[in-house]
Amino acid sequence: MSEKWTDKLPSLMEGYEEAAPEGLWDAVQAGLAPKKRVAPWWYVAGGVLAAAAAVVLAVILWKPAASPSVVPGEALVQADVPQADGPLPAVPRADEPVVKEVVLPAGKAPASFADTAPVVEAPVVEETPVQEVQASAQTQKPDNGPMEVSEPALSAQNDGPMALETPPAVPKRSRLQVQIASGAYLAQAGSFSSGYGVPNNPGMETKAGDATVSVPMLSRNRPSTTEGTHKQSVRVGLGVSYAFTPRWSVGSGLTYTVLRSDYATVSGNTTTNTTRYLHYLGIPLQAQFKAFEWWRLSVNIDAGPVFEFAVGSKLDTRAYIGDQLTAESMERPAVKDLRWSLGAGVDVQYQLFTYGALFLQPGFSWHIPNGSELESYYTLHPFSFDFTFGFRFTF
Amino acid sequence: MTERPPHNNTASKAVSEKELAERLRRRDSEAMRLFYERYAGFLTAVGSRYVPERDQLKDVLQDALLQIFNAADKFEYRGEGSLKAWACRITVNRALKFLRAQGRLRFVDELPDVPEEEMREMQQVPPAVLQDFIRELPDGYRTVFNLFVFEQKSHREIAALLGIREDSSASQYFRARAHLAKKINQYIKNHE
């Protein structure tokens, strides 16, 4: 059976009208009263992120002037270098050697630097009482021996590679990290094509129009093909992690991802381009292991699941005859999609200053199939390599 | 069901669609009334193909008309008929949103698979009867059928719009079409 009778149906129904429901106009008029505008979700989300960034900056600016009694390790730092104008020296871990009286970032110092360090003792136990350390500092402070040289001074005297620049101290006792990250999947796009035999009609935008509609209606009997790509266009996130040992930490946060799909349906000289954006919010759960640390650099291994749910979508459609744009529309259909992903990556971090570091993280993700019929980058590429970069604040 | 709308849209036809769109953009209340007089009957017919229940249809149309009036400044005039087509799309989107919120867009095979009959002279069937036949289809079938036939969406677009597979859309459409063909033929046979 041909398609013809359904092709005729729209024209048969074209002039058909029904009586509007009783009281509709009154209801519409009542609804036309000025309404309080509700801020869109992205506006609210932007405000929340801005507020979070402001808090983070406030903490960073406030932290250096904080009381020395925050943690014992910090007390040690301040007792040893009480008037230092330069970067705060690091607090050694229990398993690191430490220079007597002057705290050097021994765990991060290169060999040349370590060679110049005159006296190295056994590791200092983290739980050193504050009072004891402070007393030690007071008794040792008058001593102007060769060891009582602050880090900048030491750097100035040193002709080795470390002489020109001192790595920023990292508050190693700090356990809380906040990170702002963005990323993209390395395999950016996946394409597909289909020819369903029942083509799209680019004249759809004016189908309900009058006889003088400028866009011609086309027959559905012409063959058509649909081609397209699925890709990820945006992924940003805000996360918090907590170190429960010097090497292990766990974290969570919030991510926002946009998946983009482009469809092009061609029928004769007409083309309909549809772009769909799927917006997801995600909650990652992540374990991180610090595998390697040297000077300003550290390498971590991250792994964990991410729970994501769709929060909205947008369909932009443009119809062309030849090169001429003939119709355009925008829709925001609601979507439901909940999914889990598993991911892992290697995180290379570069300490920019005491409380801030840049990081790059190549990794991969497995987007676990959830039975959804919604086609997207996640369904086309269940396995994908990704690349994340961002800024990490340490407190 | 088939009565004409109680509107006197003679006056509204004196205003071109372009002028009407421009006045709607300026939130001219008289233009809103003219728009209602001109298109309320058409939009009611469109909306009732998706939401047949009269009381629920009123809610859908109210939301659609409010959106039309509130978003008129975003409308871009592209020739005679474009305002009507734009209003139609908004009404359809509102209807889809309503059906989604009601959990009525279930795309299961409710209708038995029947062979499609050769269509007889469909011109004999009044539009109101055709409209009734369409409204009698289950929600999922009816939605896909309307989007495909009246909104001229491809199955891929319908799939993207409704969050279903392309072949699910095609399957729903073909079953709906077969059942409609059977009903229309039966009607023609009874009225010969």
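A residue is called buried if 20 or more other C-beta atoms lie within 10 Å of its own, exposed if 12 or fewer do, and partly exposed in between, with C-beta atoms placed from the backbone. Trp295(A) is partly exposed, with 19 other C-beta atoms within 10 Å.

The model is predicted: local features need pLDDT of at least 70 and side-chain atom pairs count only at pLDDT 80 or more, while totals for chains, interfaces and linings use all residues. Residues are numbered from 1 along each chain as its sequence is written, and chains are lettered from A and ligands numbered from 1 in the order in which they are written.

**Make-up of chain B**

Helices (H or I, at least four residues) and strands (E, at least two) are DSSP runs, numbered from the N terminus. Chain B contains nine helices and zero strands, giving the pattern α-α-α-α-α-α-α-α-α along its sequence. Of its 192 residues, 47% count as buried. Two residues are in contact if their C-beta atoms, placed from the backbone, lie within 7 Å. Among the contacts in chain B with a separation of 6 or more, 75% join residues 24 or more positions apart.

**Nonpolar cores**

A nonpolar core is a set of buried Ala, Val, Leu, Ile, Met, Phe, Trp, Tyr and Cys residues joined through C-beta atoms within 7 Å. The largest one has 35 residues, and those with the most contacts inside it are Phe35(B), Leu43(B), Leu61(B), Ala64(B), Ala87(B) and Ala95(B). At least two residues of this core come from each of α2 (24-31) of chain A and α2 (17-25), α3 (29-50), α4 (54-70) and α5 (82-101) of chain B. The largest share, 12 residues, is supplied by α3(B). Another core, of 25 residues, lies apart from it and includes Met13(A), Val149(B), Phe150(B) and Ala159(B).

**Helix packing**

Axes are lines fitted to C-alpha atoms, for helices over the stretch in contact, and angles run from 0 to 180 degrees between N-to-C directions. Angles under 35 degrees count as roughly parallel, over 145 as roughly antiparallel, 65 to 115 as roughly perpendicular and the rest as oblique. Two helix pairs are set out below.

| Helix pair | Axes | Angle |
|---|---|---|
| α4(B) and α5(B) | within 9 Å | roughly 135° |
| α3(B) and α6(B) (127-135) | 8 Å apart | about 30° |

The helices α4(B) and α5(B) are therefore oblique to each other. Their contact involves Gln56(B), Val60(B), Leu61(B), Asp63(B), Ala64(B), Gln67(B) and Ile68(B) of α4(B), together with Ala87(B), Ile90(B), Thr91(B), Arg94(B), Ala95(B) and Phe98(B) of α5(B). Leaving aside residues up to four places away in sequence, Ala64(B) touches Leu43(B), Gly47(B), Ile90(B), Thr91(B) and Arg94(B).

By its angle, α3(B) is roughly parallel to α6(B). Here Ala45(B), Ser48(B) and Arg49(B) of α3(B) meet Gln131(B), Ile134(B) and Arg135(B) of α6(B).

**Two backbone positions**

Most residues other than glycine have a negative phi. Trp295(A), which is not a glycine, has a positive phi of about 50°; Trp295(A) is found in the loop between β7 (270-294) and β8 (297-321) of chain A. Gln152(B) also has a positive phi, near 60°, and is found in the loop between α7 (139-149) and α8 (155-162) of chain B. Gln152(B) is buried, with 24 other C-beta atoms within 10 Å.
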